[in-house]
Amino acid sequence: METRTNNTTREIADLLKSLDKVAVTTHVGADGDAIGSSAALVRLMRSLGAEAVFCHREPVPNYLRWLVPGEALPELPPDHDLLVVDTSRADRVGVDYEGVPVRLNLDHHADNPLYGEYNLVDGTAAASAQIVASLYKECGVPLEKDSATAIYTGVSTDTGGFRFRNVSPAAHELVADLLRAGVVPAEVDDRINRTGTVPQLKIVGASLANAERHGNAIISTVDNDDYERTGASELDSKESIDRLRTVAGVEVVAHLREVEGGTKGSLRSESVDVSEVARRFGGGGHRLAAGFTVRGKKPDEAKAELLDALKGVVDLGEGSENGGAR
Ligand code: 5GP
Ligand code: MN
């Protein structure tokens, strides 16, 4: 196999300046950094004089829709160079791109295999949006309020509001620049965190009610019955994982939700390499935040497999196979 190399910010800035028409996309199940970094890259390309569109086969979640300039296209338009952000693997790209080369793969997942023709992967960046910000600087394009807001959304959501271990002096220094460019954090917080619905509240509640502790791990599950009962969708349940982290003494938290064809798992930790656990299920991600999908299994069955995989990784306490202490 050909060895791919990581490019420098300078090389990527030169590449971007040479492009006329680009389509920007990101990973499936897009989150704040996925959409924030995409929106900021679309704006950068437009500032450089290119035609730039955002493409994704899935609808942009409502709480992030306002960040994307213009319409989001479900399919790649012809004759556009494909730029992919925040996507750790080629099979997680959010559009069908058969036969189309990935011109740029920009990401902050350390396990990214550099699948682009050009790659800008920095595992020390708190968010992909932070890497896009470095390209504004390198291209000499000043940040204005809209682009700075998109970048701020990426950095603030991927750091859990500047609380996670990926926060760095560089991230805070960038945020100072973003605020000088006009970002109002309270406005972003309103749009991101205060757009919920009662069904969303209820699915998070259902997920928390289903949580079970096994030694130093805690796992919550939601399935189709929960979606039906609450009127919420599977993605709505995901934020419950952050509440699981509030339990004292817990080292690994997991959320398992039923999706079409199987169960999607999210793993978080403060200390344990959960990307290693996710990889055993064919998934991946960051050391302390990772995910995977188990095909053909309901959350309860996936939970049994996950507990098996967690043996030796985290203390599961006594009698964990039987449910453990609640
Ligand atoms: P989340 O739990 O928020 O879906 O994902 C946490 C992290 O793990 C994200 O950085 C995401 O890119 C990565 N991740 C989630 N699911 C998968 C997966 O199925 N495969 C891989 N390779 N990474 C995943
Ligand atoms: Mn990210």
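Biologist: Asp86 then, buried or exposed?
Modeller: Asp86 is buried, at 2% relative accessibility. Buried means under 20% relative accessible area, exposed over 50%, and partly exposed in between, with a 1.4 Å probe and protein chains only.

Biologist: What should I know about the model itself?
Modeller: It is a predicted model: local features need pLDDT of at least 70 and side-chain atom pairs count only at pLDDT 80 or more, while totals for chains, interfaces and linings use all residues. Residues are numbered from 1 along each chain as its sequence is written, chains are lettered from A and ligands numbered from 1 in the order in which they are written, and side-chain values use heavy atoms, with hydrogens and water left out.

Biologist: Where is Asp86, and what is its phi?
Modeller: Asp86 is in the loop between β4 and β5, and its phi is near 60°, a positive value in a residue other than glycine. Most residues other than glycine have a negative phi. Strands here are DSSP runs of E with at least two residues, helices are runs of H or I with at least four, and both are numbered from the N terminus.

Biologist: Which protein donors does the manganese ion (ligand 2) have?
Modeller: They are Asp33 (OD), Asp86 (OD), His108 (NE2) and Asp158 (OD), at 2.2 to 2.4 Å from the ion. Donors are N, O and S atoms within 2.8 Å of the metal (3.2 Å for Na, K and Ca); water is not among the atoms, so sites may look incomplete.

Biologist: What spacing do those donors follow along the chain?
Modeller: The pattern is D-x52-D-x21-H-x49-D. Asp86 sits in the loop between β4 (81-85) and β5 (102-107) and His108 in the loop between β5 and β6 (118-121), so the pair ties together parts that are 22 residues apart in sequence.

Biologist: And His108, buried or exposed?
Modeller: His108 is buried, with a relative accessible area of 3%.

Biologist: What about Ala110 and Leu114?
Modeller: Ala110 lies in the loop between β5 and β6 and is exposed at 67% relative accessible area. Leu114 is in the loop between β5 and β6, but is buried at 15%. Phi of Leu114 is near 60°, a positive value in a residue other than glycine.

Biologist: Other ligand now. Which residues come nearest to ligand 1?
Modeller: Of the 16 residues around ligand 1, the nearest are His109, Lys238, Lys264, Ser266 and Arg268. A residue counts as near if one of its heavy atoms lies within 4 Å.

Biologist: Which polar contacts does ligand 1 have?
Modeller: Among them, a polar side-chain atom of Arg92 is 3.5 Å from an oxygen atom of ligand 1, and one of His286 is 3.4 Å from an oxygen atom of the ligand. Gly291 places a backbone N or O atom 3.3 Å from a ligand 1 oxygen. A polar contact is a pair of N or O atoms within 3.5 Å; within protein, one must be able to donate a hydrogen and the other to accept it, and residues adjacent in sequence count only if both atoms are side-chain atoms.

Biologist: How much of ligand 1 does the protein bury?
Modeller: Taken alone, ligand 1 exposes 480 Å², and the protein buries 90% of that. Areas come from the Shrake-Rupley method with a 1.4 Å probe; for residues, only the protein chains shown count as cover.

Biologist: Which element gives the largest share of that shell?
Modeller: β12, with 4 residues.
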